[in-house]
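The following paragraphs go through one protein chain, from its overall build to single residues. Please keep the sequence and the model in view while reading.

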Amino acid sequence: MKPDLSLYDKVIVAFSGGKDSLASLLYLLEEGVNRDRLELWHHDVDGGEQFMDWPCTESYCKAVAEALGTPIHFSWRKGGFLTEMLRDGHHTEPVQFESYDGKLRTVGGGGQLLTRMQYPQVGAIQSGRWCSAKLKIDVARAIFSNDERLAEGRFLLVTGERAEESKSRAKYPTSEEHTSTTCKRKVIQWRPVLHWKEKDVWRIIQDHRIRPHPAYYLGWGRVSCAFCIFGDKDQWASARALMPAGFRKVADYEKDFGKTIRQGISVERYADMGKVFLPEKGSIHERLALSRDYPLSMARLDRDEEWKLPAGAYKKAGGPT
């Protein structure tokens, strides 16, 4: 059931840069949500040093937001993925976020002394997949709890999960009360594309003539981290071919920890089992994917340019099960 969008003081889109969060944003615009009540939140999983994510993702998100005339705010856990992974008897780092006045806020941190010294594990959050919880879910909760704009009122948090992606996501409710709700702040999490098929996602992106994230053109079926723990063997083989230095760093940490991402097999061995699916070397999409400066002019197609379905569309891709 679609909520009454006019009832909310702010409509916030958790915007990863992937196709489903993009489709959610475009749907809101089609439904007439005023841009003065709409904003995008992007949680930067690396939080500084490039490690697991695509180099272009932050600038791609900025370019799409500017092309569509929607404000975007960035947030992260200090030190990001790498610092959280390397916790060795330490507290977790605080959350940092861009506030409405342009200032950088630092909040939280501390808590339990913990040693990780291992990658998140493939599986549910409850079984050790800490990356989503620590680098995204908890970051959003920290913003709600510490941004004075959000202390009171009604807020809609829009996320892009789809039932078609996995059996567990198929069990998600379309909407539910968010854990950041208080007696003065009502937050509802809404999944507008939960029951959409992938063809519906690509249709709305094509209708608005938005260029998808470069990783889709390189053959990735979903956009999360470039070195996503859920990647299948072909994704790992392709990531190694595309970003050999980054892959080497990921593999070396596995050796240091003596613990692999996938139980019983290293990323090197897993990549050896896969087949590289990249297009020709030096393509424009490769250059865009590896750049930290995605140009605004590329976010939306020119009037006479043909929109083309990317190579990763309708492709089996590793992801939460």
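**Overall build and selected residues**

The protein chain contains ten helices and ten strands; helices (H or I, at least four residues) and strands (E, at least two) are DSSP runs, numbered from the N terminus. This is a predicted model, in which local features need pLDDT of at least 70, side-chain atom pairs count only at pLDDT 80 or more, and totals for chains, interfaces and linings use all residues. Residues are numbered from 1 along each chain as its sequence is written, and side-chain values use heavy atoms, with hydrogens and water left out.

Along the principal axes, the C-alpha trace spans about 55 × 55 × 35 Å. Of the contacts between residues at least 6 apart in sequence, 73% join residues at least 24 apart, contact meaning heavy atoms within 4.5 Å.

The accessible surface of the protein chain is about 14,600 Å², and carbon and sulfur atoms hold 49% of that area. Areas come from the Shrake-Rupley method with a 1.4 Å probe; for residues, only the protein chains shown count as cover. Buried residues account for 54% of the 321 residues. Here buried means under 20% relative accessible area, exposed over 50%, and partly exposed in between (1.4 Å probe, protein chains only).

In soluble globular proteins, nonpolar side chains tend to be buried together. The largest nonpolar core in this model has 81 residues, and W54 and Y119 touch the most other members. Helix 1 (residues 19-30) supplies the largest share of this core, seven residues. Another core, of 14 residues, lies apart from it and includes V95, F97, V139 and V187. Such a core is a set of buried Ala, Val, Leu, Ile, Met, Phe, Trp, Tyr and Cys residues joined through side-chain atoms within 4.5 Å. Not counting residues up to four places away in sequence, the contacts of Y119 include F51, F81, W130, Y253 and F257, and also the charged K249 and E254.

Which residues does E286 touch beyond its neighbours within four places in sequence? They are L218, L242, E280 and K281. E286 belongs to helix 10 (residues 284-289) and counts as buried because its relative accessibility is 10%. D272, in helix 9 (residues 267-273), has 47% relative accessibility and therefore counts as partly exposed.

Most residues other than glycine have a negative phi. M117, which is not a glycine, has a positive phi of about 50°. This residue is in the loop between strand 7 (110-115) and helix 4 (130-146), and M117 is partly exposed at 27% relative accessibility. R209 also has a positive phi, near 55°. The loop that holds R209 runs between helix 5 (198-207) and helix 6 (214-217), and R209 is partly exposed at 25% relative accessibility.

A further loop, between strand 5 (95-98) and strand 6 (104-107), contains D101. With a relative accessible area of 41%, D101 is partly exposed.
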